[in-house]
Amino acid sequence: MGDTGCVHFASYVKEYGYDSYSVVHAYFSACISKEARRRKALSCLCYKCGSSGPQLYSCLHCIYFACKGAHINEHYKHTKHYMALELCYGMLYCYQCRDFIYHSKCQAIAERHLRREARSLDKSLSWRPWSPSRLEIELLLKNPKRRHVTALTSIGLRGLLNLGSTCFMNCIVQALIHTPLLRDYFLAELHECTTKTAAKCLVCEVSRLFQEFYSGARGPLSLHRLLHLIWNHARHLAGYEQQDAHEFFIATLDVLHRHCKISMTELAANAAAAAAAAAAAAAAANDKSKPSQPNAHQPSQNAHAGTNYLSQQASSQQESLPLLPQTGSNALAMSTTASPAATTGTTTATSTTNSGQSQPPDPNPTQCNCIIDQIFTGGLQSDVVCQACKGVSTTIDPFWDISLDLGESSNGQGGYGGPPKSLIDCLERFTRAEHLGSSAKIKCNTCNSYQESTKQLSMRTLPIVASFHLKRFEHSSLIDKKISTFISFPAELDMTPFMSQKKSDQQQQSSHLSPSSPNFAGGGANGSSASSMTGTANVVTTSTRLHNDDSRNQSYQNEGSDTADFRYSLYAVINHVGTLDAGHYTAYVRHQKDIWVKCDDHIITTATLKQVLDSEGYLLFYHKKILEYE
């Protein structure tokens with residue numbers, strides 16, 4: 001095949017066009033509709049042996065089906081029909097080139113058919129390999145000299161100057177820079193901002209930092225512009241005194257989220273204004289071109305009505321990407337939810353339809369498509385069970401990270417009174433049912449009275465990046481102290497046991513074994529919390545019966561299915577050494593696969609995985625190993 005593609009296919013297109021390819025691919029490869037699947041089942045059989053596979057080819061000259069190998073080769077020898085379509089993967093094959101060939105227009109047709117197939121079957125699109133756009137091809141041709149990333153490359157590694165107790169900021173920036181999807185987003189320059197707000201936009205500054213990190217330079221960077229923007233938008237962090245790295249992380253995500261929304265809103269408004277101006281200009285041009293007859297405008301109106309109808313039909317068929325939870329329409333301020341006992345009175349509600357029937361909770365009560373929410377936002381489910389009627393009130397809150405308590409449990413029943421020793425221990429205690437007691441009774445809508453209850457937290461949806469905050473700093477009216485207990489954490493983490501579906505299955509099993517005596521393990525989620533968005537405490541609530549879980553199982557179908565993968569891989573760890581009064585933050589980040597580095601302000605040194613796992617650990621960042629394509 002030459003540089004311009006297959007010359008034989010070019011001559012085929014000149015004679016036959018693309019219709020044959022489009023029809024065969026739509027009905028016998030992609031199967032874009034129920035009718036297409038029916039036709040394939042009835043007609044797509046080898047004309048030689050009558051079998052349906054395992055791999056069939058279709059001649060594009062005469063629509064002849066035959067098995068791979070002798071049968072389709074025999075057809076080519078007798079007819080000299082040289083173009084065929086492999087039906088399993090939809091690939092073009094040229095018998096004169098004796099190879100599979102690529103054609104951009106056919107690829108575009110195939111992608112349209114695959115999208116229609118996905119909509120017809122109500123499924124997600126299958127994974128497709130990356131292919132460069134026209135703009136990317138032009139950039140690659142203009143820049144033939146490109147850096148080759150090797151195992152020992154330092155591209156992406158830059159030290160950060162300490163501007164006066166700003167090690168907390170340096171560590172968070174290093175963790176964000178080494179977040180894979182965030183890196184891909186900013187290096188692809190996908191963020192768009194208006195010139196009006198670019199100077200004050202934190203997202204633009206972070207985008208500039210990514211360009212600096214991956215420029216190939218090795219000198220340390222100064223984050224004075226980033227620090228100034230954070231001071232302006234998060235006043236409680238202003239000043240040169242030492243700040244908490246976790247608080248800075250949440251504040252940074254909050255500001256990035258708000259600025260992403262602002263830029264998206266302004267760009268949408270500008271596009272709408274431009275479209276309105278174009279429509280007004282077109283309408284004015286139509287008015288000038290109209291004849292002066294009194295009835296001449298009537299056909300014009302009908303024509304416009306038909307055009308509007310067609311445009312509505314076309315727009316209704318356009319694809320829409322699933323969006324991730326949003327924190328609300330107002331500006332976000334981060335808060336930390338209290339223990340279950342403290343919040344029980346505010347999280348019990350009922351969501352019903354006009355007919356009075358309870359509805360299953362929506363896993364995505366609000367929607368936002370900014371890059372921050374796509375990567376960091378998950379859904380935390382809270383189930384409050386009335387001990388009298390076994391009714392369940394479910395609340396789903398969005399979160400950016402999970403704060404895990406390291407102190408001793410308030411209730412030592414079941415042997416869980418001691419402090420946790422590992423991240424798994426912390427998560428088990430966080431998701432364990434907690435008896436709220438007689439001092440924190442809730443009003444049950446079914447019983448219509450205040451009753452004792454239990455509360456259990458679980459993960460309804462997990463973000464791409466799961467971040468965990470080990471609460472090492474204790475502040476009380478008597479004393480402030482740091483908990484330096486070693487908490488082990490794994491390099492590979494499976495979050496399946498902590499998902500809502502898994503907890504629901506365990507509850508059903510335990511209810512069948514001992515339905516009259518619910519098991520209350522000590523700590524529950526006591527002292528642990530999730531960083532969530534203010535104003536969304538009661539995002540979604542529903543009341544159901546513990547022994548009637550049909551609606552809940554239906555709502556869990558997508559998030560907790562057996563095919564979902566909840567395995568995570570560690571890629572960044574932030575440590576705090578020293579005391580509350582005199583401490584210092586450092587970070588370990590995974591630079592490449594199996595290659596770790598230690599970031600201590602402007603000093604970057606290599607590290608081993610053992611050093612990472614033996615560190616104290618304050619903030620832990622895990623990245624999902626397998627991403628589901630939407």
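Trainee: How many nonpolar, polar and charged residues does the lining of the second largest cavity have?

Mentor: Rolling a probe the size of a water molecule over the atoms shows where empty space is left. This is a predicted model, in which local features need pLDDT of at least 70 and side-chain atom pairs pLDDT 80 or more, while totals for chains, interfaces and linings use all residues. Residues are numbered from 1 along each chain, and side-chain values use heavy atoms, without hydrogens or water. A cavity is a set of points on a 1 Å grid over the protein atoms alone where a 1.4 Å probe fits but cannot get out, and its lining residues have an atom within 4 Å of a point. The lining of the second largest cavity has 9 nonpolar, 1 polar and 1 charged residues (Asp, Glu, Lys and Arg count as charged; Ala, Val, Leu, Ile, Met, Phe, Trp, Tyr, Cys and Pro as nonpolar; the others as polar).

Trainee: Which residues line the largest cavity?

Mentor: Val173, Leu176, Ile177, Val206, Leu209, Phe210, Leu226, Ile230, Phe248 and Thr252 line the largest cavity. Two or more of the lining residues come from each of α7 (167-177), α9 (202-213), α10 (224-233) and α11 (245-289), where helices are DSSP runs (H or I, at least four residues) numbered from the N terminus. By class, this lining of the largest cavity has 9 nonpolar, 1 polar and no charged residues.

Trainee: How many disulfides are there?

Mentor: A disulfide is a covalent bond between the sulfur atoms of two cysteines. With a disulfide taken as a pair of cysteine sulfur atoms within 2.5 Å, the count comes to 0. Cysteine 67 is in no disulfide, and the nearest cysteine sulfur, that of cysteine 46, is 3.6 Å away.

Key: 1 Å grid on protein atoms, 1.4 Å probe; cavity = no way out; pocket = protein on both sides within 12 Å on 5 of 7 lines; lining within 4 Å.
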